Amino acid sequence: MTVAAPTRPATAADAVDGVQPEAVVEPSTVEEASEVLRAASAEGKRVVCRGGGSKLGWGNPPSAVDLVVSTARLDKVQEHAEGDLIVRSEAGVRLDALQEVLGKAEQCLALDPPEVGATLGGIVATAASGPLRHRYGTARDLLIGITVVLADGTIARSGGKVVKNVAGYDLGKLFTGSLGTLGLIAEVTFRLHPRIGALTGAAMEVERPDRGVEAALALAHAQLAPAALELTWPDPSGPGRLLMVAEGMRSGVTEQGRDAAKLLEPFGAAEVIEPGASHPALEGFAGRPWERGDAETATVGAKAACVPTELAGTIEDLWAVAATHGLQVALKSHAGVGVTYLALRGGEVDTLAAAFQEARERLARRGGTLVALEAPLELKRKLDVWGPVGDAEGLMRRVKERFDPGGTMSPGRFVGGI
């Protein structure tokens, strides 16, 4: 395939879940990306899009990969409209680099997925988020404009750089979480917020999931406007920790931590975290539970979702499954929204697969879901990382057919092998 964009032979480091591509191409403009995908489509080449690669292992293994299209050269912040609290950027810009630019104007993009090296396009494509979603929402909520390149090279744009302009916003929603199966995300426009100020909060140990969730919901329904509500349980045999984080001007947030501690008195003694203080509860609170542990042990990193009122039962279900199969389990929950990240480790691949399937069935009875994010390739071959999605799968297949009729974009990686 001959294109103007820089192209090199792929190496083992470019493999996607064990599938080796032929080449890696790095377009530096939207027009070059269009040329690349047009040529790939014409030659029937299967394409995987890559940003920083921090979440390239998410999803099912691709059925085939011929070409990796990297956004490494799509790395320009194109416009920062400070007065409108808007930024327009190419998709290959790293989140940490963007925050540095925005910080000079005392502004930020209120997204905090913990994966090191994450790019804006990758965050949107995987719908990645962190604890701040409690207050600010997810990428889907903050995205107000998007430019994509479809499989046939068509460049499509929707939305705009004015918050109230919602024309074409559905395109942004469709591509958020699509894992590159609909096309390449080339540019994104986000709504911004004033830079996050001093952090304060309250932390307390909790002995049982039901008490921890009750305490978290009491804070969520109070007049505190927490930025994050985290319930962390590194080991079922010990206590958990509930952390409420508030942010803002130092003079304003001090009282929020103290008020939170008072609200928590019926549940136990809470420790106030003073603004600017270093505290163990704040260290790495946005991280994933599978980031730590023995690298030699097979680990499944997963995301469970339920309504917040089912969170305590979800935690207990996950503990019960781990105990039945002799596995270790660590949990970190965004308690106010019912999202839990968990690590299962300690067993053989067959044991992990059986435990995962049992946990998925238990959570389904609560109306919840369980998706495997990080997992050994051997385990991915034994289960569908996404799980059933019911009637939604038919709609997803129709959308895929509309945007990528040749099935060349990230084939097999999404729900139902789409």
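Trainee: How many aromatic pairs does the structure hold?

Mentor: Keep in mind that this is a predicted model, in which local features need pLDDT of at least 70 and side-chain atom pairs count only at pLDDT 80 or more, while totals for chains, interfaces and linings use all residues. Residues are numbered from 1 along each chain as its sequence is written, and side-chain values use heavy atoms, with hydrogens and water left out. Rings of Phe, Tyr and Trp (its six-membered ring) pair if their centres lie within 6.5 Å, and planes under 30 degrees apart count as stacked, over 60 as edge-to-face and the rest as tilted. By that rule, the number of aromatic pairs that the structure holds is 4.

Trainee: Which geometry do the rings of Trp 233 and Trp 319 adopt?

Mentor: The ring centres of Trp 233 and Trp 319 lie 5.1 Å apart with the planes at 80°, so this pair is edge-to-face. The pair links distant parts of the chain, 86 residues apart, with Trp 233 in strand E13 (residues 228-233) and Trp 319 in helix H9 (residues 311-324); helices (H or I, at least four residues) and strands (E, at least two) are DSSP runs numbered from the N terminus. Trp 233 is buried at a relative accessible area of 1%, where buried means under 20%, exposed over 50% and partly exposed in between (1.4 Å probe, protein chains only). To return to your question, the geometry of the pair is edge-to-face.

Trainee: How far apart are the ring centres of Trp 386 and Phe 414?

Mentor: The planes of Trp 386 and Phe 414 stand at 70°, so the pair is edge-to-face. This pair, too, links distant parts of the chain, with Trp 386 in the loop between helix H11 (377-380) and H12, and Phe 414 in the segment after H12, 28 residues apart. Both Trp 386 and Phe 414 are buried, and their ring centres are separated by 5.2 Å.

Trainee: How far apart are the end C-alpha atoms of helix H12?

Mentor: The 12 residues of H12 (residues 392-403) should span 16 Å at 1.5 Å a residue, the expected span being 1.5 Å times one less than the number of residues.

Trainee: Which exposed residues does the face of H12 turned away from its buried side carry?

Mentor: Val 399, Lys 400 and Phe 403 are the buried residues of H12. Seen down the axis, these buried residues fall within an arc of 100°, so they line one face of the helix; the arc is that of the directions from the helix axis to the C-beta atoms. The face turned away from them carries the exposed residues Arg 398 and Arg 402.

Trainee: Which strands stand at the edges of the open sheet?

Mentor: The sheet has 8 strands in the order E15-E12-E14-E13-E17-E18-E16-E19, with antiparallel pairing, and two strands pair if DSSP finds at least two bridges between them. Each edge strand has a single partner strand, so one side of each is left without a neighbour in the sheet; the two are strand E15 (271-273) and strand E19 (369-374).

Trainee: Which residue in E18 is the bridge partner of Ala 302?

Mentor: Strand E16 (residues 299-305) and strand E18 (residues 339-345) run antiparallel and are joined by 7 bridges. Within E18, the bridge partner of Ala 302 is Leu 342.
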